[in-house]
Amino acid sequence: MISKTGIHNNILELVGDTPLVKLQKITKSLKGSYFAKLEAFNPGHSSKDRIALHIINDAEKKGILKKGATIVETTSGNTGFSLAMISIVKGYKCILAVSDKSSQDKIELLKTMGAEVHICPANVPAEDPRSYYEVAKAIHKKTKNSVYINQYFNELNIEAHYRTTGPEIWKQTQGKITHLIAASGTGGTISGTGKYLKEQNPNIKILGVDAIGSVLKKYHETGEFDTNEIKPYKIEGLGKTLIPTATDFDVIDVYEKVADKASAFTAREIIKTEGIFPGYTCGAVMQATKQYAAKNYFNEDSFVVLIFPDHGSRYLNKIYNDSWMRQQGFLD
C-alpha cells in the first residue's frame, strides 16, 4: 500500500508499470514504428520480478509458503535475482540451481544477496541428474518447509503477465499495437502478454524469438520435440532444450531464431544508437525484429512493441567484454 506522500513501504511495490520508449535510430530503415517495453525498470532489473512476486504472493495466500520457509528455483540468473530480492524483504531462505551459462556477474550477485547457489552444467539433457532442473527438484525434496517455484511448468508464470504486462502495453499504446515481439524461454512473458492482447484485438500478431540450438520453433511448427535441434548456445533466458508448459503455443503466431553473435552485436548497437543499456536477450529481440522486417512482416502502419527483458549490467563480463567476445569467436 502506497501512502499519500508517495512513499513506498518496500521495494516490491515498484514491480510493474515499466515505461514504453520509442526506438528512433536503430529502426530508422524499418517500416513502421517501434517501441521498447523496458523491463529493466523493475526493481530487480528484469521482467522476472513480475512472475516471482506473483507466484510467491499466491503461495502465501494459499498457505503453501509459511514463515521460515525456503524458496527453491531453477534459473539462468534473472529469476534468481528476483527471488533473492523478494526473500530478503519477506524473510525467506533462497536456494537456486543456476546454469553455468549464466554470467559470473549474476552468480556473484546472487551470492552477495544471501542466496545459496548451486552451479549446474548447461549442456546436459534436462533429465540428467546434473541439470539445473533435476538439481532444484532434488534440493526441494530434501529441504523441509521448502517451496519449488518451478517457473517452466507453472501456470502462474503466464498469469502474472496476463494480469500486468499485457494490460500495461494495451493502455500505453492506446490499443494501437499491431505486433508484439518477445523472447520465449519459460514462455510466461510472451504467452501471458500475448493472450491478453489478442483478447483485446485478435488481429495483433505475436512474434516469438527463439535461439539457434533450441527446440521451441520446430515444436511450435510441427508439434515434434526434435532433439536434433539441440546444440549449445550462449544467449541466456531464451530458448529451451525441453518444452515448458508455461508456454501457450496457440497464442504465438510465429517464431524466428537468432544467433548468439548477431544478438550480441545488436545489443551493443542498441546502446550506441538509443542510449538504452540492454541485456543479451534484448539484443536477441532486436535482432529478431530486424529479421522479421527483412521478411516483410511490417508495413508503414505497423505499431510494434518489443519487450526488452533485462539490463546490460548483468552482462559486463560477457557481451560488453571484448575478451569474452574474442573467446567466443565474435571479435577478431
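Trainee: What makes both faces of E9 count as covered?

Mentor: On one side sit Val254, Glu256 and Val258, on the other Tyr255 and Lys257, and all are buried. Buried means under 20% relative accessible area, with exposed over 50% and partly exposed in between, using a 1.4 Å probe and protein chains only. In a regular strand, side chains alternate between the two faces of the sheet. Since 5 of the 5 residues of E9 (residues 254–258) are buried, the strand is largely enclosed by the rest of the structure. Strands (E, at least two residues) and helices (H or I, at least four) are DSSP runs, numbered from the N terminus.

Mentor: A word on the background: this is a predicted model, where local features need pLDDT of at least 70 and side-chain atom pairs count only at pLDDT 80 or more, while totals for chains, interfaces and linings use all residues. Residues are numbered from 1 along each chain as its sequence is written, and side-chain values use heavy atoms, leaving out hydrogens and water.

Trainee: How do you know that E8 and E9 pair?

Mentor: Pairing requires at least two bridges found by DSSP. Strand E8 (residues 205–211) and E9 have 5 bridges in the parallel sense, so they meet that definition. Ala211 stands opposite Val258 in E9.

Trainee: Why is the unit of E8, H8 and E9 called right-handed?

Mentor: The term is used if, with the strands pointing away from the viewer, the path from the first strand over the helix to the second runs clockwise. E8, helix H8 (residues 216–222) and E9 make a β-α-β unit of that right-handed kind.

Trainee: What makes the lining of the second largest pocket divide into classes as it does?

Mentor: Ala, Val, Leu, Ile, Met, Phe, Trp, Tyr, Cys and Pro count as nonpolar, Asp, Glu, Lys and Arg as charged, and the others, Gly among them, as polar. The lining divides into 3 nonpolar, 4 polar and 5 charged residues. Helix H1 (48–61) gives the most, with 6 residues.
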